Amino acid sequence: QPQPTQPQQPEGKLFDLWAPSPDPRDKFIEKFPEVEKEYLEVKKVKVHKRIQPSLLPAVDVPTQGASYNPDPKEYDALLKAAVQEQIKHRQELKKLKENLKAEPYTPSSTPEVDFLPGEKKNYDNSDESDHETNNDDESSKTYLANVPIKTKAQRNREARRKAAEELHKKKLFLKEKNKKLANIEMFKTEIEDEQQKLQQRAENKKLKQELEPYKTKKLGREKFEEEDIQVLLPDQLPSKFSRVKTNFDPIKDRYKSYQRRNVIETRTYKRPRRRYAQKFVELHSARNYRLEQEKKYESL
């Protein structure tokens, strides 16, 4: 019979599987015993996530209608969109010209005020009312002296009238309350409609947040404007791809793409304005040289 083989010893040092994990600072403490233990603590650094400014593609794929041999339906749709865009530009230009032709508003020095009947008299006699303040104080004293004293029967009559009014208000309140209780079904439908509106509003808000990364934001003073649609007229369509003629500028296209994707702010060239007119000064040496050259050519 074959004798049983002895089990092989594992390679490396033996360790306790359930022992507590060693402190990672111990190896540093052995090397740097003079440093305090709290300064050798290994801290976790947060991973900085880069957030994309926009989820729009860097390169826009043109439509099928912009091909050199386009599909008739796609080409008609692209041509229609270009025509609508040009009509919109012309309407804006027409509106701007009409605003420029309008006469400027010149307010009069003394604007006319529309008075209500009986109000103009008080407005004209405002100065006289200031001089009559003293007379009003004297008249108020006489008014207090002429206040009639009510009898007991009159006071009782007023108290009964007030009590009847309060009772009538309570009856109206109870009547309205009973009417509302009778219309519970109507209130239920109103509450359901309100909940449906709130739910629809929450869905719209969620949809707006989802579409936010695909929108162009206004980073500066100017608003981003898309380029006009590039389309060839029917008589300009080439028969071969090698004969295609386009006015495409790759640098301008990349610049617009950065603006569309919120990488840089929208900015256009602003011509610098001079505060004062530029003055031309001719030096004496240049003037003498110019006169000498003129005399030289006149002599010829």
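Is Leu55 buried, partly exposed or exposed, and what is the relative accessibility behind that label? Leu55 counts as partly exposed because its relative accessibility is 42%, which falls between the 20% and 50% cut-offs. Keep in mind that this is a predicted model.

## The overall fold

Here's the big picture. The protein chain has nine helices and zero strands, so the order from the N terminus on reads α-α-α-α-α-α-α-α-α.

Of the 300 residues in the protein chain, buried ones make up 6%. The chain exposes about 30800 Å², with carbon and sulfur atoms supplying 54% of that area. As for contacts between residues at least 6 apart in sequence, 68% join residues at least 24 apart.

## A nonpolar patch at Leu55

Back to Leu55, which sits in the loop between helix H1 (26-31) and helix H2 (72-101). On the surface, Leu55 forms a nonpolar patch with Leu207, Leu211 and Tyr214. Together these residues have about 370 Å² of accessible area.

Now for Arg261, found in the loop between helix H8 (250-260) and helix H9 (284-299). Arg261 is buried yet has no salt bridge. Asp60 is the nearest side chain of opposite charge, and it is 7.7 Å away. Leaving out residues up to four places away in sequence, Arg261 touches Pro53, Ser54, Leu56, Pro57, Ala58 and Arg254.

Asn262 lies in the loop between H8 and H9 too. Asn262 counts as buried because its relative accessible area is 8%, under the 20% cut-off. Its backbone deserves a look: Asn262 has a positive phi of about 60° although it is not a glycine. Most residues other than glycine have a negative phi.

Notes:
Residues numbered from 1 in each chain as written. Predicted model: local features only at pLDDT ≥ 70, side-chain atom pairs only at ≥ 80, totals over all residues. Heavy atoms only, no water. Patch = residues over 30% accessible without salt bridge, like charges linked within 9 Å, V, L, I, M, F, W, Y side chains within 5 Å. Areas by Shrake-Rupley, 256 points an atom, 1.4 Å probe, with all protein chains shown as cover. Salt bridge = Lys/Arg side-chain N within 4 Å of Asp/Glu carboxyl O. Helix = DSSP H or I, 4+ residues; strand = E, 2+ residues; numbered from the N terminus. Buried < 20%, exposed > 50% of the residue type's maximum accessible area, 1.4 Å probe, protein only. Lys, Arg positive; Asp, Glu negative; His and termini not counted. Contact = heavy atoms within 4.5 Å.
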